[in-house]
Amino acid sequence: MNLLNVIIVSVVIFILAGIRIVYEYKRAVKFRFGKYVSLLEPGIRWIIPIVDRIKLVDIRVITINVQKQEVMTQDNVPCLINGVLFFKINDATKAILEVEDFVFAISQMAQATLRDVCGKVELDTILSEREEIGRNIKEIVELETKIWGISIQDVKIKDIELPENMKRSMANQAEAERSRRARIILAEAEKQAADKLLQAGKIIDESPSAIKLRLYQTLSNIASEKNSTIVFPFPEEVLPRKK
């Protein structure tokens, strides 16, 4: 009787020891004596204790930082660039069997690609076309990771650090550009004002009444402060008239 109890208890322990729970956002790669057997879907699963082993893989979108890289741009400007990469595992079996550590491998590949892509363009392109550079890095990395059952969702350039002398040069350039635009706008305003004055002068010149009204308006403006005395050295009738 004692032997039977021991056997029953041992069987129960053996069964319980083989129970595994696979969450919905994970997949379990099953090995038997080191050999791949199958892929376990979410739910309660049972494996043979000691004989079977499982490797859990997260199939959600995973985010990794692309560490800061020192890049020499095409126009010989050194800068520090970092970014962020988003990827997802489409085939958990390949992700385990084809590469030792897929997270580390993707991180190293993204860093090398970031240096290559940014090193082939000028600094102005990096600063103004971050989205395009991110797409180029994504396409290159995804081409390599596709055989691992991994798809790259997106790559973003986060920060671009420039040398202090370059920052000062860019600030001076921006200030000079703003000054140039201000001068152009002022010159354009002066030109428009001159055109309007020329048109007004032609209209006034064609009408003696308009000349008188303009004269009276000018006198009214001068006399508004009531601190001036206006003296006409000649009568109004001797003003030139259009014949």
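## Ground rules

Because the model is predicted, local features need pLDDT of at least 70 and side-chain atom pairs count only at pLDDT 80 or more, while totals for chains, interfaces and linings use all residues. Residues are numbered from 1 along each chain as its sequence is written, and side-chain values use heavy atoms, with hydrogens and water left out.

## The sheet

Let's start with an open sheet of three strands, in the order 6-7-8, paired in the antiparallel sense. Strands (E, at least two residues) and helices (H or I, at least four) are DSSP runs, numbered from the N terminus. Two strands pair if DSSP finds at least two bridges between them. Strand 6 (62–72) and strand 8 (150–161) stand at the edges with a single partner strand each, so one side of each has no neighbour in the sheet. From one strand to the next, the twist averages 25 degrees.

Strand 7 covers residues 78–89, and its antiparallel pairing with strand 8 runs over ten bridges. As one example, G83 has I157 in strand 8 as its bridge partner.

## Helices on the sheet

Helix 3 (residues 102–119) packs on this sheet and touches strand 6, strand 7 and strand 8. Touching, or contact, means heavy atoms within 4.5 Å. The direction of helix 3 makes about 35 degrees with that of strand 6. For such angles, axes are lines fitted to C-alpha atoms (for helices, over the stretch in contact), and the angles run from 0 to 180 degrees between N-to-C directions.

Then there is helix 5 (residues 130–145), which lies across strand 7 and strand 8. Helix 5 runs at about 140 degrees to strand 8.

## Two residues to look at

T73 sits in the loop between strand 6 and strand 7. With a relative accessible area of 3%, T73 is buried. Here buried means under 20% relative accessible area, exposed means over 50%, and partly exposed is in between (1.4 Å probe, protein chains only). The side chain of T73 makes a polar contact of 2.5 Å with the side chain of D75, and the T73 side chain also reaches the backbone nitrogen of V77 at 3.1 Å. A polar contact is a pair of N or O atoms within 3.5 Å; within protein, one must be able to donate a hydrogen and the other to accept it, and residues adjacent in sequence count only if both atoms are side-chain atoms. Leaving aside neighbours within four places in sequence, T73 is in contact with several residues, including C79, C118, E122 and I126.

F86 belongs to strand 7 and is partly exposed, at 25% relative accessible area. F86 and T63 are 23 residues apart in sequence, with their C-alpha atoms 4.7 Å apart in space. Not counting residues up to four places away in sequence, F86 touches V61, I62, T63, I152, Q153, D154 and K156.

## Salt bridges

The structure holds ten salt bridges, each a side-chain nitrogen of Lys or Arg within 4 Å of a carboxyl oxygen of Asp or Glu. One of them joins the side chains of D52 and R32 (2.8 Å, N to O). D52 lies in strand 5 (residues 52–58) and R32 in strand 2 (residues 26–32), so the pair ties together parts 20 residues apart in sequence. D52 is buried, at 2% relative accessible area, while R32 is partly exposed, at 31%.

E161 is partly exposed at 37%, and K68 is partly exposed at 43%.

## Aromatic pairs

There are four aromatic pairs in the structure. Rings of Phe, Tyr and Trp (its six-membered ring) pair if their centres lie within 6.5 Å; planes under 30 degrees apart count as stacked, over 60 as edge-to-face and the rest as tilted. F31 and Y36 form an edge-to-face pair, 6.3 Å centre to centre with 70 degrees between the planes. F31 is buried, at 15% relative accessible area, whereas Y36 is partly exposed, at 33%.

F87 and F102 also form an edge-to-face pair, 6.3 Å centre to centre with 80 degrees between the planes. This pair links distant parts of the chain, with F87 in strand 7 and F102 in helix 3, 15 residues apart. F87 is buried at 0% relative accessible area, and F102 counts as buried at 14%.
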